[in-house]
Structure formats: C-alpha cells, structure tokens
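Here are my notes for your reading of this structure. Please keep the model open beside you and follow each point in turn.

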Amino acid sequence: MLKMRIIPCLDVKDGRVVKGVNFVDLVDAGDPVEQAKLYDKAGADELTFLDITASVDNRDTIYDVVRRTAEQCFMPLTVGGGVRVNDDIRKLLLAGADKVSINTAAVHRPEFVREAAEKFGSQCIVVAIDAKQVAPGKFEIFTYGGRNATGIDAVDWARRMTQYGAGEILLTSMDRDGTKQGFNIPLTRAVADAVPVPVIASGGVGNLDHLVEGIRDGHATAVLAASIFHFGTYSIAEAKAHMKAAGIPVRP
Amino acid sequence: MSATVAIVDYGSGNLRSAAKAFERVVAEQALGLDVVVTSQADVVAKADRIVLPGVGAFGDCKAGLESLPGMVEALTQQVLIKARPFFGICVGMQLLATTGREHGDHAGLGWIGGEVVPLGVEALGLKVPHMGWNQLEADRPDHPLLQGLAPDAHAYFVHSYRFVCADPAQRLAHVEYGGAVAAMIGKDTMVGTQFHPEKSQATGLAVIANFLKWKP
C-alpha cells in the first residue's frame, strides 16, 4: 500500500536555511546539508528546498547545496524557487535534485511547464501554486511569494497545469502560511479532487492534527511543513505516529 | 585491477544520485569495486557488472540508448552472452520488456518477456504517477536481491507505467497500487527494480549491496 508522505521544507537563502513567517521576518535556522542529513536519518519521506535567494549573483549557491545533499542523502529531493528556464531545471537535476518545482514562471508562461515536462518528464515537474481565498469557496493564485494577485482561479489553474504535464502539485495556502492554524482545507480538497496527480498540502501547519486533516479532509497525498520540524516542536517520528493513530498509512 | 561496475549514461536524467549510492555501498562494505559512469560501449564491454538507470518516456530512453554507438550490442554481449550481472532501474528496468506502450508502441530490448502498460488506476480514485513509498511484497523471497530486507521494507516509486511479466515467475516482488504492480523483476543474471534504490534510503542501499555481492 502506498504511504502518505511527510515532507520537511527548508527555505534556503544564499546557501543557508531560513524560516518563513508569512514570507517576511526571516530567522536563520542553519546549514541546509546538515539539516538534510538529520531529516534523512529521522525518516522523512522526501525533502524540499525552496531557494529564496534574491540576488542573481548568489543563485549558484543552491546548486552546491543540492550537490552536497545528494551525495549524502539517498532520499527524494525537490528544489524550487527561481526556476525560470529549462537550463535551470537541467542544472538542478544534474546537481542531484529529483524534482523541481515551478511557480511564478508557470504563471508568466504556462507553455514552460509543457516544454519542461516534455524535455525532462512529468515525474520531475512539480507546479507550485500559492493560493488565497478571495471569496467563500473561491481561490485565487498569487505570485512572487504571495505579493502579486493574478486573477487566476486556483482549481482551474491546477487542472490546466496537470494537462500541461505537471506530475505533482505543491499547493500552499497563502492565507495560512506561517499562521500555525492549519491548511486551508476547502482549498486543498478542491484542488486535490480536481487533478489526477498527487497534491502536496502546504502552509499553516502548527500541530500534528493539521497533518492528519490535510490528508483525511484535504485529500492530499503528502504534507509539507517547515517550522514545526525545524525548531523541534515535533519530530518526524511523532508526526508519523500521530498520523498512524489517526488511521493514515505512513511508512514505518 | 579491481572489478568494474558500469552505470550506463545515455542522457536519461541524472546519474549522480545512482553513482553516489553505488559508491557509498562499495565504500561501506569494502567491496573493492570501481564504479564508473559511462556512455562508451567499450567500457561497458569490459565491465563486470552493469547498471542501466532511466527516467522519462520509454521511447525516448530506448532512442537515447540506441544513439550511443555500439551500446546495445555491448550490453547484449555482456548480459546475454557473458552473463554479467545486470541491474535496470525504473525505465532502465522497463526497457527489458518486449514492448513498451507509452505514447505509442515501442520495441524494448526484449530480454525479459513482457509489456510496459499504463497503471490504469485513475478509475479507482488513485493518483498517477504512483509517487511515494510503498511496501514491498516478495514473490520470490528466495531471490538473492531480496535477502536481508525488513518484512515491512518500503521503497520509493515514481512512475505511471508498469511492467507485466509474460512469465509470472519472473516477478520477484510487487507492491499494491490498485492491484499488484511489479516492483522487482529478474531472469538469469538480470534484475530490475521499478523503484529507485538510490532514493530508498536503507532499503535501497541494501538492494544495491545485494546486487553488488550477487554471484549468479
């Protein structure tokens, strides 16, 4: 039986891990490779790096982080942030990433997702969607870390991206990110039920019940969290035990 | 000169993780093997063990393999004639089939009879690709590649097509995903995994170690 995945996410800036609270007020939380090794040992099912390096001059730092991580961690690794052209994807895959996530660039030019999936295969193309509720039951996608409204409906967009070849959707509830109030379940469920590919729920995890809700109620097949793991509030083992007790299949 | 493990590079995705995983096992278990990533047929022709990775579409991978001068011939000679141990990973395993039915029909290497067909589990409400960790169920628990694995061993999968063996005895292990899906196949000196051993943490490294120590 396929198990539901728990994915710690490390926000990486200039080669260092930072944590996001509504994408501002960043706090340094250590070396990404060391953290990756800890999560590997702890039994995390996958690992995600989100590169939030702003300066073009420092963009290459992520390749070194990915390379050093892939040499030591034999687990699936997804890298997102600043992926704009096929050459970015090629470099990340060559450095050792298994999947790359595309966000803003897909909104600017949706055909990029189609081209990337054709070139590298759907299995390594994740489309990251940042969405906010704009009216009851109505969700809109935002770009540039949640700053820019696009007017695009999140469910329609997710469906379109999978038609273009996305092999997975990383869905972040922007209005929940950093709040510790749990995933936006109506959003997660609407997207997960609309697409044939796996959906990773993200944004807002503050306790272990939230992880259960993302899967049981949101119909995601993976849950992503950052701060609850980084700062030791909960361990991966505690998260798995809690999910198992709630009847969700997890890897021992 | 130590024995060589050749990982065939035919432009199908990243081989760094696979090479690092094999190197790690060689170092940890002091196996004294040289792990080389190569696109040269003459290197494969001298290798003692051969690994064929693969990500992407069946037809693209087959075309990529055939684009390397003399590579299919070298592989055939090494595996079918000289019976060198061979390990196909993901699409590298699928290429062993007679036919791949992904984006049209494509001839595979035909070394292990069977077809590669869509998972076809959408109607069951299951997501495609089959992505994540699934529990291995041994069909041939006696096979050397399956030795020493925990009874609840899990491996990491990401694929949308599955290998259906013409001879069911050649399916060594399976996972449940809307029915039985081949997780490991084998015949003579050939084995293949649908999962990614280089991404399957301790379970994956154990399978790699079993392969490297296998004396069929």
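1. Strand β10 (residues 168-173) of chain A runs parallel to β11(A), and four bridges join the two; strands count as paired if DSSP finds at least two bridges between them. Within this pairing, Leu170(A) stands opposite Ile200(A) in β11(A). The chain passes from β10(A) through helix α7 (residues 185-194) of chain A to β11(A), in a right-handed β-α-β crossover, that is, with the strands pointing away from the viewer, the path from the first strand over the helix to the second runs clockwise. Helices (H or I, at least four residues) and strands (E, at least two) are DSSP runs, numbered from the N terminus.

2. This is a predicted model, in which local features need pLDDT of at least 70, side-chain atom pairs count only at pLDDT 80 or more, and totals for chains, interfaces and linings use all residues. Residues are numbered from 1 along each chain as its sequence is written, chains are lettered from A in the order in which they are written, and side-chain values use heavy atoms, with hydrogens and water left out.

3. Strand β11 (residues 199-202) of chain A is covered on both faces, with Val199(A) and Ala201(A) on one side and Ile200(A) and Ser202(A) on the other, all buried (under 20% relative accessible area, 1.4 Å probe, protein chains only). Two bridges also join β11(A) to the parallel strand β12 (residues 222-225) of chain A, where Ala201(A) stands opposite Val223(A).

4. Between chain B and chain A the rule finds two salt bridges, and the side chains of Arg16(B) and Glu71(A) meet in a salt bridge at 2.5 Å, N to O (a side-chain nitrogen of Lys or Arg within 4 Å of a carboxyl oxygen of Asp or Glu).

Note on methods:
Buried means under 20% relative accessible area, exposed over 50%, partly exposed in between (1.4 Å probe, protein chains only).
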